[in-house]
Amino acid sequence: MESSGQLNLQELTEGITKATQKIIQNYLENQSGYHHDIRDIHHSYSEFSTKLTASPKEMEKIQILYQKFLGSQQELWKRIFERQTGNVKEYQPVIAPSAGDKRFKAPEWDEAPYYFDFVKQSYLLVSRLINEIIETSDIGDKAKKKLKFFTHQYIDAFSPSNFIATNPEALKLAQQTNGQSLIDGFKNLLADIEKGGISQTDMSAFEAGRNIAITKGAVVFENELIQLIQYNPSTKSVYESPLLIIPPWINKYYILDLRPENSLVKYLVDEGFQTFIISWKNPTPDMGHITFDDYVEKGALKAFDAVKSISGSKKMNVLGYCLGGTLLGVSLSVLATKFKKLENPVNSATFLAAMIDFSDVGPMGDVIDNALVKKLERGELAKQGVMHGHDMEKAFNMIRANDLVWSFVVNNYLKGKAPSPFDVLYWTNDNTNLPAKMYLFYLRYMVLENKLSRKNALRICDVPIDIGKIDIPVWVIGMNEDHISPPQTTFITTELVSGPVEYILGGSGHVIGVANPPSKRKYGYYLDGKLENGFDVWKQSAKFHEGSWWTAWSGGLAKKSGKKIPAPKTPGNSKFKVIEPAPGRYVKETCSK
């Protein structure tokens, strides 16, 4: 459909027909999953309401909260009326949005005759009432967390900012454009339905190898699971011990090599580190049998061998990001069992926004339970042996629905605007599939049952896994606002390993906080807190520094990287020859809708 101009009747009819067909097709393909979700949500609320109504004490608490709500609502009417009539010197709202809530920032929400101010505050009062009823109820912690997760989805969805009749910004824009913004918004909606998802960025603005993932290098090894990239040195001399980066395979590696100005890879290369990174294969249906053992043996351990051979160094440093850090922990435990300390090729390890203990995995953990895992094990969510990347993306979007779903509903459909180009959102939309067998193992035994943190509770690669055997120097890096790998959970890794350990806490979240170059001078980081007494004690005793955690960590890494040697002139060696230029083929493989 055209993105501008008038919407004629034929175009409208064709667009609605295609959208309807797409909606029906999507429902038929996913009806089993939808029915399970509805059943699970209904069961949660039904059980909750039954417990409340069966307890006079609970009903009394609800009545008290409701009376408080009615009093606040009456006060809101009074203050709005006084504001309209000018009988108030200094207006104070009954309730205000939280500091980080961007939905009601525009001045239109606070303009006379203050109808939208009333709508906004009424919504916030109802939201508070609902949350307080759940929060103060005497139900199990797990059930409460799940209920809060579901409830937040409904509260976010019914925000007045999401509807044209109650969004003053969208109404004003519609008036200013004589309705053209609404026409454009409807076109955007039809296009997104046909595409199968909400547009969060301009997906034509970026391309791996063109303007992102452009740090020079070469693929020097590949198998059915990985391509190993060796980056060209940009300095005359390099540190003797190379650095291998293990990114997560839930997304693609180039979050660590976005544009040159925010590329961690380029920064490390420019600092004189011999840098290698794994680029994971995007699994196809015939790879559904791949296990977590395969990711260890064919992924991490194969990369260790190649890096050691190419660099000629007996020791290397390894960084694992997110799930890559979990894999690093398992791999180091395997190495510690199979090799003596002096034979272990890994000199130091960095766990970046990565979890070994899964006791608290943030909002996503609120809905991960035995019933969900059993549903996955029955194959209700896997498609042809893989967990589809787009389904994973939608799940992560629900953690921050206001920012990652509803803000784009407002921008794209109510205001009729196109989303802006943003490299990070391009990356989050450039999904990868997951082999079902691997994912189920990870979800059940690591996330749900938290066995990785317990000595010898898991057996991988025919080795009992003991994280306590990791006695090499370790950095654990958390992000202060991380909703995926919460900082208090990443901190537990410092208590599981047995070697020298240092914790760094970066600012911002799981993605933005990681891709945070020193040149931006944003977010800051904490360092030098007291270990062994838990995360809260560490943070209270840590010192805040301006800038990026990159500088503190890379400075420490340099001390573990040996002497400076002449930079290699060519990538690879006689055993590991250049296959193709970076970023390689694997990173360009996409998931079909």
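Residues are numbered from 1 along each chain as its sequence is written, and side-chain values use heavy atoms, without hydrogens and water. Because the model is predicted, local features need pLDDT of at least 70 and side-chain atom pairs count only at pLDDT 80 or more, while totals for chains, interfaces and linings use all residues.

Q: How many disulfides does the structure hold?
A: A disulfide is a pair of cysteine sulfur atoms within 2.5 Å. Cys322 is in none, and the nearest cysteine sulfur, in Cys591, is 16 Å away. The count for the structure is zero.

Q: Why is the sulfur of Cys461 too far for a bond?
A: A disulfide needs two cysteine sulfurs within its cut-off. The closest cysteine sulfur to that of Cys461 is in Cys322, and the distance is too far for a bond: 20 Å.

Q: Is Cys461 buried or exposed?
A: Buried means under 20% relative accessible area, exposed over 50%, and partly exposed in between (1.4 Å probe, protein chains only). The relative accessible area of Cys461 is 8%. So Cys461 is buried.

Q: Is helix 6 oblique or roughly parallel to helix 12?
A: Helices (H or I, at least four residues) are DSSP runs, numbered from the N terminus. Axes are lines fitted to C-alpha atoms over the stretch in contact, with angles from 0 to 180 degrees between N-to-C directions. Helix 6 (residues 180-195) and helix 12 (residues 401-414) pack at about 120 degrees, their axes 6 Å apart. Under 35 degrees is roughly parallel, over 145 roughly antiparallel, 65 to 115 roughly perpendicular and the rest oblique, so helix 6 is oblique to helix 12.

Q: Which residues of helix 12 meet helix 6?
A: Contact means heavy atoms within 4.5 Å. Helix 6 brings residues including Ser181, Phe186 and Asp192. From helix 12 come Asn412, Tyr413 and Leu414.

Q: Which residue's backbone oxygen lies 3.4 Å from a polar atom of the side chain of Trp109?
A: Trp109 sits in the loop between helix 2 (56-85) and helix 3 (115-136). Trp109 is buried, at 1% relative accessible area. Its contacts beyond four places in sequence include Phe104, Phe116 and Pro160. The backbone oxygen is that of Arg103.

Q: Which residue's backbone oxygen lies 2.8 Å from a polar atom of the side chain of Ser331?
A: Ser331 is in helix 9 (residues 323-338). At 0% relative accessibility, Ser331 counts as buried. Leaving aside neighbours within four places in sequence, Ser331 is in contact with Val296, Ala300, Leu301 and Phe304. The backbone oxygen belongs to Leu327.

Terms used:
Helix = DSSP H or I, 4+ residues; strand = E, 2+ residues; numbered from the N terminus. Polar contact = N/O pair within 3.5 Å; in protein donor to acceptor, adjacent residues only side chain to side chain.
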